[in-house]
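Subject: Structure for your review

Dear colleague,

Please find below the sequence and structure that I am handing over to you. My notes on what was found follow directly after it.

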Amino acid sequence: MRRYIFVVHMTALILGSGMIGCSTNDVIVNEHEHGNVHEHEHDISQTKVHINEMVKHGDLNISDVWARPGFSGGNTAVYMNLVNVGDETEYLVAVESDICSAVEIHQVSMKGDVMTMLTVSEDVELVPNQMVHFMPGGLHFMMIDLYEDLNPKDDFQIQLTFKELGPVVVNVMVSEP
């Protein structure tokens, strides 16, 4: 599994290095510290994240969150960076949103001249002191069967659920790539 995660990280890094719009932004840290929340939906941390902000969820930093525009009944993709600044490995175990019928984690890969997109069926491993990039041409969240149109400057929420830290709700800004 570690080899698979390494290959996923390296592929994302290589593909992302040449992508337009994948630049490092100045980061503003949201001062709210969020503990473990595992109970009911009304107890979920309501942290908001926008493109130039970072949210701390335990030992995880979530930043550069955005989505492509999309149409009702269609799909779109969500991108972000996740950094584990702690000493223990964490796992992203689920993602969901109220604006679509399903959210899947996908990985784009190249085999010769053919680009393929595969569903990632395993939890995403967040190794200490490493960043996992969800970005165009690599790892991303696929929002399937949107219930409404998503236009630039719109925003919506997704919930990321981690094995140890539990859920956190983040705001996703719709933007042109």
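Phe134 and Phe141 are both buried in this predicted model. Leaving aside neighbours within four places in sequence, Phe134 is in contact with several residues, including Val78, Tyr79, Met80, Leu82, Leu92, Ile105, Val124 and Phe141.

Is Leu160 buried or exposed? Its relative accessible area is 0%, so Leu160 is buried. Not counting residues up to four places away in sequence, Leu160 touches Ile62, Met80, Leu82, Leu92, Ala94, Val95, Phe141, Gly166, Pro167 and Val168. Val170 is ten residues from Leu160 along the chain, and the C-alpha atoms of the two are separated by 7.7 Å.

Aromatic pairs

How many aromatic pairs does the structure hold? There are two. Trp66 and Tyr79 form a tilted pair, with 4.7 Å from centre to centre and 40° between the planes. Trp66 belongs to strand 3 (residues 60–67) and Tyr79 to strand 4 (residues 76–84), so this pair ties together parts that are 13 residues apart in sequence. Trp66 has a relative accessibility of 12% and therefore counts as buried; Tyr79, at 4%, counts as buried too. The rings of Phe134 and Phe141 have their centres 4.3 Å apart and their planes at 10°, so this pair is stacked.

The chain as a whole

The protein chain contains one helix and twelve strands. The chain has 177 residues, of which 44% count as buried. Among contacts with a separation of 6 or more, 69% are between residues 24 or more positions apart. The chain exposes about 9,500 Å², and carbon and sulfur atoms supply 52% of that area.

As for the confidence of the prediction, the chain averages a pLDDT of 78, and 71% of the residues score at least 70. Over residues 1–50 the pLDDT is below 50, although this stretch has 93 contacts in the model beyond near neighbours in sequence.

Turns and loops

Strand 2 (residues 53–57) pairs with strand 3 in the antiparallel sense over four bridges. Within this pairing, Lys56 stands opposite Asn61 in strand 3. The two strands form a hairpin with two residues between them, and Gly58 in the turn has a positive phi of about 65°.

Which residues other than glycine have a positive phi? Asn129 is one of them, with a phi near 60°. Asn129 is found in the loop between strand 8 (124–126) and strand 9 (130–134), and Asn129 is exposed, with a relative accessible area of 64%. Lys153 also has a positive phi, of about 80°. Lys153 lies in the loop between strand 10 (139–146) and strand 11; its relative accessible area is 73%, so Lys153 is exposed. For context, most residues other than glycine have a negative phi.

Yours sincerely,
A colleague

Methods
Residues are numbered from 1 along each chain as its sequence is written. This is a predicted model: local features need pLDDT of at least 70, side-chain atom pairs count only at pLDDT 80 or more; totals for chains, interfaces and linings use all residues. Side-chain values use heavy atoms; hydrogens and water are left out. Buried means under 20% relative accessible area, exposed over 50%, partly exposed in between (1.4 Å probe, protein chains only). Contact means heavy atoms within 4.5 Å. Rings of Phe, Tyr and Trp (its six-membered ring) pair if their centres lie within 6.5 Å; planes under 30 degrees apart count as stacked, over 60 as edge-to-face and the rest as tilted. Accessible areas come from the Shrake-Rupley method with a 1.4 Å probe; for residues, only the protein chains shown count as cover. pLDDT is the predictor's confidence in each residue, from 0 to 100. Two strands pair if DSSP finds at least two bridges between them.
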